[in-house]
Every structure is written in structure tokens, then in C-alpha cells.
Amino acid sequence: MTDSTTQSVNGRGKPPVSDDWSNPSRDVRSEEMVVNMGPQHPATHGVLRVAVKTDGETVLDCEPMVGNIHRCKEKIAEGNQYFQFMPYTDRLDYLAAMNNEECYARAVEKLCGLKLGDRIEAIRVIMSEVGRVSSHLMSVGTYGLDVGAITPFLYCFREREEANSLFEAISGGRMLYHFIRVGGVARDLDDVWIQQCLEFLDRVERKMDEYNTLLTWNKVFQERTMGVGVMSKDVALRYGITGPALRACGIDWDVRRDDPYGWYHKYKWEVPVADGRHGTLGDCWNRHYIRALEMTQSISIARQAIDSLPKADPAGYPSSPHHPYTPGMPKFISAPKGAEVYVRSENPRGELAFYIVSDGGKGPYRMKIRGPSFVNIAVLPEISRGYLIADLVAIIGSIDIVLGEVDR
Amino acid sequence: MTEIYRAADWNMMRPGPGGAPDDDAAILTTIAGARDLIAWGRGNAVWPMTFGLACCAIEMMAFAGTRYDVDRLGSGAFRATPRQADLMITAGTVTYKMAHRVKRLYEQMAAPKWVIAMGACTVGGGPYSKYGYHVVQGVDLVVPVDIHIPGCPPRPEALIDALMKLQELIKRRGSIEQQASIADAVRKGQMDLMNGMAPGKNSPPPAAPAAGASPAAPKVSVAMPAKPPTLTAPGAPKPPSPPLPVGVKLPSMPASGAPKAPSPPKPYVKPSATSPDVAAPEAVTKDATKAAAAATAAAEGAAGSAAAESTAKKPTGPKPPTVKSTTEKPFGPPVPYIPPHQR
Amino acid sequence: MTTQEIAALLKERFQDKVLEVVETDRHSHVRLAPDVYVAACEFLRDDERTAFEQLHDLTAVDWIDWFDVVVHLFSIRKKHSLCLKVKTPSRDDATCPSVTPVWPAADWHERETWDLMGVKFPGHPNLRRILLPEDWQGHPLRKDEGNPLEYHGIPGIAAIRTAEENLRAEELVKKVQRKGGDPHANPLGGEIVERVRGRA
């Protein structure tokens with residue numbers, strides 16, 4: 001497991017020791033050692049491997065090594081038709097499958113020039129936001145698990161199971177849905193489901209205080225995460241960080257508001273941004289707190305979307321509940337030759353983007369998936385130098401990666 | 001149940017590397033039924049390893065979580081280290097980069113150990129089979145698998161079902177020798193596959209060791225275990241086979257009587273519905289004879305092993321290749337599980 | 001700012017090195033000559049009018065004869081975006097200057113592009129494979145790459161299919177022989193056997 005060597009971990013040859021740690025008045029310098037963390041490690045959220053160069057318990061440098069579940073998604077996309085790739089997008093960020101589907105469907109619709117009905121757009125917003133709540137429940141729960149609190153995991157999973165049941169009722173899948181289709185959705189929402197969804201949103205909103213009391217305002221948790229893994233604004237921008245990790249640095253940016261897509265411009269909500277009142281701006285606690293606040297906002301958006309859900313247009317309505325509700329979808333879709341599109345959306349973990357190049361065929365000539373986790377985890381060496389090994393677990397958990405999206 | 005066995009034999013006969021004699025178990029050999037006791041204990045305290053690979057790991061967490069609560073089955077103690085774990089649930093896609101780590105984790109586990117392949121990816125590549133240049137076409141090419149679960153991802157109920165099947169497999173003593181012969185056949189089929197031949201064709205001579213038998217064999221052997229170690233000397237008689245209770249009819253035995261030992265091996269036939277548990281040996285045997293058929297069926301987008309099984313069981317399909325060597329024991333009929341109170 | 005306005009700024013500074021400006025309703029891009037690519041990126045990042053702090057994405061497209069390196073930039077302050085394209089000299093000489101010194105975010109994107117597409121980025125401090133293992137042969141996202149036969153003794157889908165075809169061909173030969181015919185007289189059977197033997 002361990003390897004005693006003094007070579008630089010990332011091979012760049014620059015001294016990883018910060019000024020603070022090269023201070024000669026420091027007590028003891030022990031032998032430098034490279035410790036391998038993962039890929040089978042309970043706190044790496046999958047199969048991330050991190051080579052950590054340590055001095056005692058201090059992290060001098062580290063390098064994340066990814067690719068352990070590289071599943072060739074881009075090659076698969078080149079071999080399939082546009083609509084056939086939709087189930088694979090579920091498996092990118094498998095905790096927020098609805099959001100991935102929504103982004104991919106929008107990319108293909110923009111590429112092929114399809115227009116959607118109002119009701120479809122509203123349904124997609126509802127699904128994305130409930131999916132975001134479900135994903136953040138998982139993030140909050142497992143982040144507690146990472147830093148040693150087991151109870152929040154059990155509480156969050158109780159609500160997440162309800163979200164899974166809710167999605168299962170409408171799409172048939174607990175975790176990977178294939179619900180949003182190119183040109184529409186798989187099924188129209190019925191009143192029973194909407195009622196269940198509203199009840200779910202109410203319940204989660206009531207429980208938010210519980211989670212915050214258990215975890216966010218817990219003194220032990222705060223001691224463990226406040227002031228740890230501080231990411232400055234400059235680092236966040238240069239490394240292309242997006243999502244809650246960016247907003248935890250105090251940068252007010254949300255694609256849903258600033259570059260609106262779908263129907264997000266119709267609803268009123270706030271973008272939670274860290275202000276540094278608690279902890280240090282850009283630390284692990286703030287990243288966790290932004291997620292907790294985003295859940296409340298997502299619940300608000302989903303409620304507004306349900307309240308103002310437009311009536312279905314009878315023209316494009318499916319004749320049977322077994323047929324997909326895709327009024328904007330022609331029988332065959334193909335994009336003009338040489339057309340390109342770059343579409344991004346605000347996922348729970350950051351900005352997911354699809355870059356699709358068409359050669360006029362039924363499938364993409366080239367597809368690049370920009371996974372937010374892939375970009376966000378690259379900053380790990382920058383923000384973990386000088387902290388303890390135990391803090392590294394807290395930092396990885398607060399960035400909240402999903403390896404399916406890192407490796408694609 | 002008058003025969004007394006060394007409890008360690010139970011451990012030895014299981015296919016897998018490093019079946020070291022268990023001293024504590026050997027002490028218990030003087031007690032009749034100690035094997036029952038050990039099997040009961042092992043079956044009811046299967047500790048899984050905390051080892052998630054991909055999407056299925058989330059369902060594995062749900063399986064350990066609040067609603068499905070696997071603690072009631074005695075498997076709630078997820079161990080973060082393979083040294084303390086009995087069960088590896090390969091939950092998710094295995095890639096070439098990860099395969100050697102999966103193999104090493106399996107080797108680090110102390111015997112007896114079991115593997116559940118969870119999800120279509122680990123059964124046969126799943127949705128990534130066709131264009132997946134980096135995806136292993138089923139985790140059984142890397143480690144021996146006891147139970148396969150189809151689905152993408154399987155529901156937690158399916159995982160609970162697989163766990164209960166595994167518990168029965170552990171508690172049922174008659175299947176162990178059968179497992180060893182099946183594992184041999186699987187290993188042979190894999191060697192054939194790696195040499196570019198159809199499984200079962202042109203098997204290496206039985207005297208030769210498994211890995212490195214032919215010059216074309218790859219340098220790194222696949223993680224299938226070597227021959228199950230035996231306690232007996234080479235010339236000594238085989239350890240006694242587990243007893244069959246008198247009066248219990250074997251389900252798929254022909255009416256004329258038991259087949260003779262050197263008779264040509266027959267393809268595995270699914271036992272009749274009277275057998276109380278058929279899923280586990282079926283799942284294992286499917287690999288032995290129909291690995292290639294299953295892999296192709298999965299490659300063509302069949303959703304998991306259920307479709308692969310149906311493809312392989314077509315009467316018009318290609319006959320499963322047979323093991324050529326006559327010294328090998330053919331696949332016997334599965335020994336039914338006898339509940340403890342009837343023994 | 002629109003792509004046309006940004007392209008005007010670039011033309012003002014780099015004159016004829018701005019090769020192409022394409023603006024459609026789907027996607028717009030500016031094609032630059034490789035020799036001014038890094039300088040243009042620095043200019044785009046540091047100029048107050050453009051202020052592209054973030055490199056959002058970097059990838060490459062295989063056009064058989066050459067590769068296009070495609071960069072997507074976003075500005076949070078100005079809320080605008082830009083797509084840059086750079087052509088590599090040829091397929092054999094697939095190189096493009098690295099922008100990792102300009103945006104550290106390009107580090108992993110360029111490593112991934114090298115890993116999967118085989119485009120080299122001179123100037124990158126640490127150009128190694130990132131997703132695939134270090135000893136992997138080939139760059140799988142190129143259009144002429146297929147599935148591997150095996151990796152470290154684990155058979156790939158291609159090997160399994162070859163074994164399957166062997167099995168099917170032999171079955172076919174046996175079937176013909178059972179009927180008393182010559183297997184090679186059957187054009188289909190003979191062809192399959194020859195093809196499979198040639199591959200094996």
C-alpha cells in the first residue's frame with residue numbers, strides 16, 4: 001500500500017510545500033512517503049484513486065488518478081443514433097439522471113431544430129428540480145458518512161427512497177429513468193403523481209431543519225469542515241470549477257439564471273451564494289451548506305412549476321399512455337451536415353455540457369461530454385496541500401464527484 | 001448423518017486459492033454435525049466488502065440503507081477491508097484498468113469467499129459490450145462468480161434475493177464438489193477463449209497446469225483459481241463426497257439409474273421445478289458451457305443474463321461444447337438442498 | 001459580446017491569423033492559426049473587454065485528414081462565450097500548442113484529448129494518459145480504431161466474437177459433412193472458414 005520514495009507525485013518537479021510548511025521553526029519533518037488511497041476506499045465515492053505524498057499526517061501533494069470506470073461513452077455515441085444514446089446519459093451522473101437526460105435532449109433538439117410544447121418544458125423543469133433534490137439528499141447524506149456521521153445518511157436515504165419511488169411511479173426506473181426523450185417525455189404527468197410529488201416536496205422541506213440540525217449546525221461537523229480545503233475565487237475560475245463549489249467561493253453564477261434555458265426564466269428563486277459569514281469562504285462547510293440551501297430553492301422551483309403547469313395541447317397528445325409524449329418529435333431525426341452544438345445545463349454537480357458534431361447522419365459524428373465532476377476533481381491537489389490526510393476525505397466529499405461522470 | 005467429516009474439508013473442497021486449514025474448525029470435527037453448524041454460521045453472517053464500482057453501487061447502498069435494511073439478513077456489516085470480508089459484490093462496470101484491482105481485492109479476501117456479480121455489466125459487458133473498448137466482458141473473466149444478477153441496475157430486492165440464494169448455497173453442502181468441477185470447466189473455457197478458440201474445443205491436455213499450458217497462453221493468467229487444493233496425498237483416495245440422504249430422489253436423474261462415471265458428459269439440464277433451489281447452480285453452470293453464447297447475446301444488447309439464458313437454451317441453437325478429457329468428472333446433477341430438519 | 005465582435009477584436013490584433021469566423025444560430029466559432037493560438041488565448045483572458053476567465057471545455061474532432069482542436073470559453077463577468085478552433089497540420093503530425101499555462105483547467109482536458117484522440121500538446125507539463133492505462137496501445141476515439149483483442153490476458157469482445165465465429169464455422173462444416181458433402185463446396189461455409197482461419 002505504501003511506497004517510500006521522494007519523487008514528486010505529479011512529476012512536475014515543483015516543490016509542493018507551501019510557505020507555511022517550509023518554515024524552519026516547524027517542529028519535526030519526517031520522511032516523505034507516497035500513500036495510495038483508493039480505488040477501493042469507502043470515502044472516494046466510487047473508484048477514485050489518489051496518490052498522496054505525505055509528511056507524517058500532512059498532505060504535501062496529491063494526484064487524483066481517474067479512469068477506473070472509463071466506459072467509452074463517446075465511442076458508443078458515435079456508433080448509435082441520437083435517441084439511442086439517451087439511456088447512456090443516465091449512467092453519466094447516475095445520481096442525477098434526470099438532469100443529464102434533460103441536457104442531452106436539449107442538445108439534440110437544438111441540433112435538429114425541434115420545438116417543444118409548453119407543458120413539456122414545465123415537466124422537464126419539475127423533473128430536473130426533483131432530481132436535484134434527490135441528488136443533493138444523497139450528497140448531504142454521504143458527506144456526513146465521509147466525515148463520520150452515520151445518522152444523516154440514514155435520514156437522507158429515507159427521503160431519497162421516496163424520491164426513487166416517485167420517479168419509479170412515473171418512469172419505471174428507480175435510479176436510471178430514461179424518462180426525458182428527444183422531443184418530449186416518456187409520459188404525461190397525471191394528477192395522482194402531482195399530488196404525490198407535492199407531498200414529497202412538503203415532507204423534504206419539513207425535514208430540512210432536521211438535516212441542518214443534525215449536520216450543518218453540528219459543532220463537531222463544523223470543526224471538521226470549516227476552514228478546510230479552502231478554494232479561492234481565483235483558483236476556482238482558473239480551474240473552471242462550476243456548480244455549488246463555485247458558488248461556495250462567493251461567485252454569483254448559475255446557468256439557470258444567467259444563461260437561461262428551458263423554462264427557468266418563468267420562475268422566481270434565489271441563487272444561494274456563500275458570503276463568508278460562517279467558516280471561511282470556499283471551504284468544505286460552505287460547499288456543503290450551498291447544497292443544503294439549493295435543496296430549498298429547488299423545492300420552490302418545482303412547486304412553482306407544478307402550480308403553473310400548462311394544459312396539454314391535444315394536438316400532440318399520445319393516443320395511449322404507453323406511447324411516449326413527444327409532440328415535437330418527427331418520425332426520423334437527423335441533423336444537417338456539419339452542424340454543431342454546444343449545450344450546457346446546471347447539474348447538481350456543476351455544468352454538464354454536450355458538444356455534438358453532425359455529419360448529416362442519424363447519429364453524431366463526434367460527441368464530447370463535459371462532465372462537471374471531471375473538471376472539479378482536477379482542483380484537488382491545489383486545495384488539499386498542507387491539510388491532514390483525514391481532511392482529504394472531507395475535501396473529496398465536499399467536491400462531491402460521481403465517478404461515472406469523471407470517467408464517462 | 002452418522003458420518004463425521006473434518007470440517008476443514010469443507011473449506012478445502014471449495015474452489016479458491018488459499019484454502020488454509022481452519023484450526024478452530026478442525027477442533028470441532030469430533031462433534032457430529034459440526035459442518036452443519038459452521039455452514040449455518042457462515043451462511044447467516046456473510047460480511048460484504050464496501051466495494052462500489054459504478055451505478056449499481058448506489059443500489060447496493062440502498063440495499064444497506066433504511067428501507068431494505070440488510071442487517072436483518074446478517075449482512076449489514078460492510079467491511080472496508082477485503083481481509084475481513086466474505087463476499088465481494090462487484091456492483092458496476094469492470095474495466096480493464098480496474099480488473100486487476102478487482103482480482104487483487106478478491107485474492108486479499110480470506111477463504112471461504114464468494115462473489116456476486118451485480119448488474120448487466122458484470123454479467124457480460126451489458127450496454128457497454130459492443131463499443132466498449134475498455135470494458136471487461138463480464139467479471140467472470142477476472143474472478144469466479146457464484147451468483148449473477150441481471151438488470152441495469154438490479155433493484156435492491158434482486159440483490160436481497162441473490163444474497164438469500166447465496167446463503168442457501170453456503171448452507172448446502174452437496175454442491176461443493178460440483179462447484180469445483182464447474183470451476184475447472186469454466187477455467188478451461190476461458191483458456192480456450194484467450195487462445196482464440198471456441199470454449200471446449202481443443203482443450204489443453206488435462207495433465208498440464210492451467211496457466212501457461214500452451215505457448216500461446218498470455219503472460220498474466222486470468223484470476224481463476226488453481227485446482228482446488230486437497231488435503232490428501234496424490235495417491236490417496238479422494239475425500240469422501242458429501243452424503244446423500246437415503247430416500248431422496250435426485251430431480252434430474254434418469255429413471256434407469258445414475259450415469260456411469262466414464263460416460264460422455266451431458267449438457268447441463270435445468271432440474272425440474274421440484275428442486276427447491278435451482279438458481280445458483282444454474283447461474284454458475286451457464287458460464288461453464290455457454291460463456292460464449294451468453295457473451296454474444298449480451299453483446300447484441302440483450303438485457304442481462306435472462307435473455308442470454310433464453311438464447312442459450314434454444315433447442316435449435318448450437319450445442320454446448322463438451323469437455324473432452326475423460327478423466328474429468330462430468331457435471332453431475334445438482335444435489336437438492338435438504339432443509340436441516342429433514343436430514 | 002457576440003462572436004463577430006470578439007472576432008473583430010482578434011482581427012485587430014492578429015490580422016490575417018484569424019482564418020475563419022462562422023456564426024450560425026446553433027453554434028459560432030473562430031478559427032485561428034496555430035502559431036497565434038496561445039497568444040490569442042492570453043489576450044482573450046487578460047483583456048477587459050473579453051475577460052474569459054474560464055476554459056469550459058477542450059476537445060478534438062477527427063476529420064480523417066486532420067484534427068480540429070475545439071476550445072469553449074466562457075466569461076462569468078461578461079456573460080458571453082466563444083468557441084475557438086485550431087487545425088492540426090495533418091493526421092500524422094497531430095500537434096497543437098498547449099494552453100495549460102493560460103488556464104490550468106486545460107491540463108486534464110488536454111491529457112484526455114491526447115489519451116483518447118492522440119493529439120499532442122507541446123508545452124503541456126505532464127502529457128500522460130489519464131483515463132486509459134499507461135500501457136494502452138492506440139487512441140480509441142480515432143475513427144480507425146476498433147476494440148482490442150485482449151488486454152493483459154483478459155479477452156476483449158473482439159476475441160470472444162472470433163471464438164464465436166470459429167464455433168459457428170465448425171458447426172457449419174460439420175453440418176455439411178453430415179450430409180455427405182464437401183464443406184469447401186459450400187461457398188458460404190468455405191468463406192466463413194477461410195475468413196476465420198485467416199484472422200486466427
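1. Strands here are DSSP E runs of at least two residues, helices are H or I runs of at least four, both numbered from the N terminus, and two strands pair if DSSP finds at least two bridges between them. B:Met88 has B:Val115 of strand 2 as its bridge partner.

2. A word on the model: it is predicted, with local features needing pLDDT of at least 70 and side-chain atom pairs counting only at pLDDT 80 or more, while totals for chains, interfaces and linings use all residues. Residues are numbered from 1 along each chain as its sequence is written, and chains are lettered from A and ligands numbered from 1 in the order in which they are written.

3. On its other pairing, strand 2 of chain B meets strand 3 (residues 147-149) of chain B in the parallel sense over 3 bridges. B:Ile116 stands opposite B:Ile147 there.

4. Strand 2 of chain B (residues 114-118) has 5 of its 5 residues buried, meaning 20 or more other C-beta atoms, placed from the backbone, within 10 Å of a residue's own. B:Trp114, B:Ile116 and B:Met118 cover one side, B:Val115 and B:Ala117 the other.

Terms used. Buried ≥ 20, exposed ≤ 12 C-beta atoms within 10 Å, placed from the backbone.
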